[in-house]
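Open the model in your viewer and keep the selection tool ready. Each stop below says what to select and what is there.

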Amino acid sequence: MTLINDRRQEPVRHTFGKDKARFLNRIRDAVHKAVQDKAADGPIKDIGKGGVKIPVPKTLTQEPVIHHTRSPIFKKVFPGNLYDVGDIVDIPSGGGGGSGPGEGEGSPDADDDQDDFIWLSEKEFLNIFFDGRVLPDMVKLHSQANTVTERQRSGFISKGPSHKLDMNVTNQKRRGEQIVFNKVAEKRMLKNFAEQYDIYRGYKPDFPEIELKGKKGKGEQLETIESALSTMADDIDPEENGGYDSKLLSAMFNCVSTIEGAVDPSVIAEPDMKRLEVLRNRLPEAVKTARDAKKFQSRHLTYKFDDEVQKPAAKAVMICKMDVSYSMTQEDKNTAKAFFFILNQFLEKNYDEVEMVFITHTTTAEEVDEEEFFYGQRTGGTIVSSCLEKEQEIIQERYNSAEWNIYSVQASDGDNPTPDNEKVASLMRENMPLQQASYFIEIRDPRWPISTLHQVYKNLADELPQLHTATISSPADAIEAFKSFFPVGGKAPANANQPAMG
Amino acid sequence: MTYDMKLNYDTESQQPYFKTITELLDKYEDGWDVFVKAHEAKDYDIPVPRKEEFKDDPYLPDTWLALADKVISIIAHEKLGLVTNQNRIEIVRADQMLDAYVKPVPDGPPHWSYGKRRFQEQQQFDANKHLAYEIIINSNPALAYCMDTNSPVMQMLVFAHASYGHNAFYKNNYLFSEQTEPDIIMAVNQRLRDLVEECEEKFGIEEVEQVLDFCHAMRFMDTSINLNKKFTSNKDRAEKAKKARDDKFLNPPRKSVFNGKVAETNDNSPESRYPGQGRDNILSFIAENVDHIPQWKREIMKLSSATSQNFLPNIKTKVANEAMACITHYQTMDTLNAIGLINADMYAEFRKSHAGVLHQNPGYVIRKDPYTQEDVKVPTGQDMNIYALGFAIMEDVKRICEEPTEEDKRWFPNFAGKGDWVNTCNDILYSSSDETLVRNFMSPTVMRKFKFFMLEGDMRDEFLEVSAVHADDGFMKIREQLAADYRLSDVIPKVTLKDYQYETDRCLVLQHDVINDQELEPKSLQMILEMIHHQTKHPVVMESVNSKGKVVASYSSPPAYKHMDHSPAPLRQEL
């Protein structure tokens with residue numbers, strides 16, 4: 001008695017979680033180093049875009065097993081001969097004399113110096129890039145009890161909605177069948193013609209016999225038919241094919257039509273006539289089979305299967321503030337942008353929904369879109385407090401701090417009239433309690449002393465734990481500043497999710 | 001209706017299995033159309049309603065899958081004469097299939113190498129979207145995984161192929177039936193997993209991982225089952241036992257002064273000190289006899305050894321195993337077609353997959369040179385398709401049984417024209433490994449069909465020479481070489497335990513027998529020796545010994561260690 005266990009509708013069990021985690025743990029240090037190198041190399045905007053190939057040293061992934069070295073003496077049997085004894089041939093690339101069982105299992109071999117590679121998707125890459133860095137205060141992360149249902153790709157299934165159809169796999173299946181069905185149809189037609197021919201030959205024995213049985217190759221069959229055809233009649237138009245593409249069928253068709261023309265229909269006996277009619281009626285069916293083979297059938301259809309995963313929902317807003325007065329050059333703005341980008345990526349990893357607010361200011365502040373924020377230029381002096389007022393306004397209008405996690409970043413070159421600094425300090429004291437964290441970055445050559453504005457923020461940071469400041473001068477510094485803001489293994493709140501790998 | 005259908009209906013319907021199937025299908029409303037209906041609906045969830053009077057019979061299959069399995073089992077058992085273990089069939093999705101790819105047994109212990117392989121399989125799958133139709137594991141009940149995307153016809157093919165073909169081979173082939181223990185393999189693995197998890201809590205993950213790494217690395221130096229064992233029939237075994245009995249009677253052992261109570265011996269070789277230990281099975285020897293290893297490590301080593309040994313005969317019987325499975329599925333589907341259970345469309349679909357599985361690419365092909373426009377012969381680097389080879393050999397055995405030519409009668413006088421191909425094929429497969437199957441039963445017809453040719457040469461030169469082709473004097477040469485390609489002793493180095501110096505520094509001395517001047521790969525060997533050294537905490541030496549008994553190479557861990565001869569120098573008596 002057989003036990004049959006239908007597991008199609010089972011939810012995805014991540015049975016390999018443990019093994020995968022062990023593997024990642026084993027290669028963790030190497031991958032971390034490679035990820036940090038990769039991130040520092042390219043432009044920051046393309047960090048992890050479209051997946052990244054990460055080298056992993058072989059020493060970490062190999063499983064040694066005892067085996068022989070490759071023997072120089074080559075002795076092997078191959079199928080599909082084209083040669084005679086004594087011929088000289090090239091050495092095949094894939095072959096090897098005494099290949100060991102350990103090959104292909106990551107054992108050290110001739111190409112020992114090369115590393116293994118693992119392919120990390122963008123998400124996995126960023127996960128590792130940000131691994132261990134936690135948000136400063138995520139008390140509100142799960143304050144709302146609502147969850148979102150996410151769908152996750154996992155394998156294929158033979159039934160599903162049409163938008164889940166995987167055309168690649170489906171087409172592969174169809175193409176395979178088309179070849180076979182064409183062959184089957186050709187065989188049937190050939191057999192049909194052969195039978196018709198034999199019936200006619202019963203009345204005209206002087207016509208040559210066409211014996212296809214026992215001749216397997218198409219070439220052999222074609223030879224037989226063509227030699228018979230050539231003895232039958234000389235005036236056959238080689239272009240005439242009766243609508244059949246295949247050479248074999250058109251030759252056979254010619255044979256049948258020739259003999260049909262030679263036999264007087266009134267001589268043919270009743271049962272033979274009936275049989276001929278049956279055979280002729282069957283032909284269109286076979287043609288149809290060949291034609292249908294090109295079409296998609298429902299058995300070819302293969303669908304992607306998605307599994308549902310429940311995840312807690314949390315929202316964040318990131319308020320980007322920047323001084324766009326004349327003293328900020330485009331280069332400074334690009335440096336600031338690098339920091340904005342990394343922080344945004346980090347927030348997007350930790351929150352399900354991240355909104356962006358852009359505020360530019362000179363002496364007055366206004367809310368703009370992203371394009372305008374980074375590339376727009378305005379003239380005039382600088383008053384930082386105007387921007388903080390605008391920020392306060394926006395938060396009160398739109399972002400209830402009980403619902404939203406608010407992060408703000410301010411980029412500046414440090415210019416501000418001294419009388420305004422007091423107002424800045426008082427506004428910051430008002431704004432800070434509403435926010436999760438606030439970052440002030442000054443774009444300035446680190447050899448110079450920090451500006452008075454930076455000094456004001458620095459003094460504030462002593463009394464406001466959410467406020468952090470840094471000086472940066474290049475996109476690479478932005479990564480360093482980010483790392484200093486979010487130390488690895490920073491104090492995580494009790495209910496925060498530790499970012500997991502893989 | 002086409003000419004294929006009901007080809008041998010008249011002869012087939014006289015067979016006893018036909019009656020059994022008729023009795024079974026008569027109890028269903030759809031009768032003989034069940035399979036055709038499922039095919040037309042493209043669905044094996046299709047209901048199979050039973051007739052009113054059989055509604056309550058608990059022994060009748062309820063689903064289409066179970067019914068298909070039942071019909072196939074009747075053909076396999078009654079027509080093809082197979083004896084099988086019980087089957088367990090799991091219909092799985094792609095992700096579950098990928099999981100099944102990675103671990104030999106579903107409940108294995110956690111280990112990073114499985115994680116690595118799961119990553120690789122996933123990447124490969126994402127790249128080419130190709131998965132096997134089925135996987136079967138040698139256990140009792142035999143566990144088979146079948147893809148859910150298989151069409152009804154494919155599912156029937158896969159049942160016949162894996163759950164009856166492979167299953168019968170596992171149960172009856174001499175290597176498997178004598179040297180594996182399918183009944184307990186699942187339980188052994190669950191025990192190993194539990195043990196590993198418990199030890200990880202107690203001793204830390206890293207410590208346990210090193211033991212498992214060590215066990216994995218030792219898997220080809222752990223062949224206590226004799227991989228090169230020849231098939232012996234029951235008669236031979238009985239004769240051998242009788243001879244041993246007679247010898248004991250004719251030359252009874254001398255009575256010992258120790259009165260049989262103490263096994264005192266002056267022989268210090270490992271066999272006499274540790275009787276019952278195979279010299280091949282180094283992992284088990286370490287687990288049981290080497291001193292200073294904690295008990296939990298010994299236990300893990302023993303269980304790992306038992307698991308890996310259960311799968312070793314698979315390496316030796318790839319061709320024979322697939323030959324059994326392919327001929328089973330081919331005969332089953334042919335029979336289903338002949339008795340009219342599947343129609344011509346379904347048969348065509350079967351032939352398509354069958355041809356795909358058995359496709360053999362040639363070793364060299366003719367291509368046009370893009371520059372000179374001349375035809376050149378290019379190597380494709382294609383290996384033998386084991387399915388094609390196995391199936392071709394067995395198909396030809398069948399033909400030789402039924403319609404032998406003069407040549408066949410000369411080559412195979414034992415069974416040419418014997419007629420009873422079912423039993424002949426089964427007997428051949430049950431008593432063969434790949435090597436013996438190819439050497440003894442590959443006929444000239446098969447060699448002509450594949451157009452075999454043989455290349456010889458030195459890889460350091462730029463070329464190879466064709467030394468034999470599929471013509472009269474080449475047949476023996478090709479057959480011999482192809483058999484040698486599947487000879488395991490050339491692939492897995494033969495390593496035995498030479499000495500365990502328990503009286504001095506507990507050094508483990510291993511011996512590698514050099515065959516055909518093949519050297520050991522030094523890097524992985526050194527790593528393995530280091531692992532042994534790390535686990536046993538005592539030195540270890542590996543000596544490569546050639547056929548004349550001369551040591552040609554020696555490796556050790558620690559690297560500079562020189563081992564002493566075991567016995568101390570004789571005491572000099574000075575008068």
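Select R506(B) and D291(B). Their side chains meet in a salt bridge, 2.7 Å from N to O. The pair links distant parts of the chain, 215 residues apart. R506(B) sits in the loop between β8 (494–500) and β9 (508–513) of chain B, and D291(B) in the loop between α13 (282–289) and α14 (295–316) of chain B. A salt bridge here is a side-chain nitrogen of Lys or Arg within 4 Å of a carboxyl oxygen of Asp or Glu. R506(B) is partly exposed at 23% relative accessible area, and D291(B) is partly exposed at 26%. Buried means under 20%, exposed over 50%, and partly exposed in between (1.4 Å probe, protein chains only).

This is a predicted model: local features need pLDDT of at least 70, side-chain atom pairs count only at pLDDT 80 or more, and totals for chains, interfaces and linings use all residues. Residues are numbered from 1 along each chain as its sequence is written, chains are lettered from A and ligands numbered from 1 in the order in which they are written, and side-chain values use heavy atoms, leaving out hydrogens and water.

Stay in chain B and pick K409(B) with E406(B). They form a salt bridge, with the closest N and O atoms 3.9 Å apart. Both lie in helix α18 (residues 406–411), three residues apart, about one turn of the helix. Helices (H or I, at least four residues) and strands (E, at least two) are DSSP runs, numbered from the N terminus. K409(B) is partly exposed at 43%; E406(B) is exposed at 59%. Next, select E435(B), R439(B), E480(B) and R487(B): salt bridges that share partners join them into one network.

Now go to chain A. E260(A) and R280(A) meet in a salt bridge of 3.8 Å, N to O. E260(A) is in helix α7 (residues 247–262) and R280(A) in helix α8 (residues 270–292), so the pair ties together parts 20 residues apart in sequence. Over all chains, the structure holds 46 salt bridges.

Is K321(A) buried or exposed? K321(A) is buried, with a relative accessible area of 1%. Find K321(A) in strand β8 (residues 315–323) of chain A. Leaving aside neighbours within four places in sequence, its contacts (heavy atoms within 4.5 Å) include F340(A), I359(A), F373(A) and E391(A).

Finish with E371(A). This residue lies in helix α10 (residues 370–375) of chain A and is exposed at 55%.
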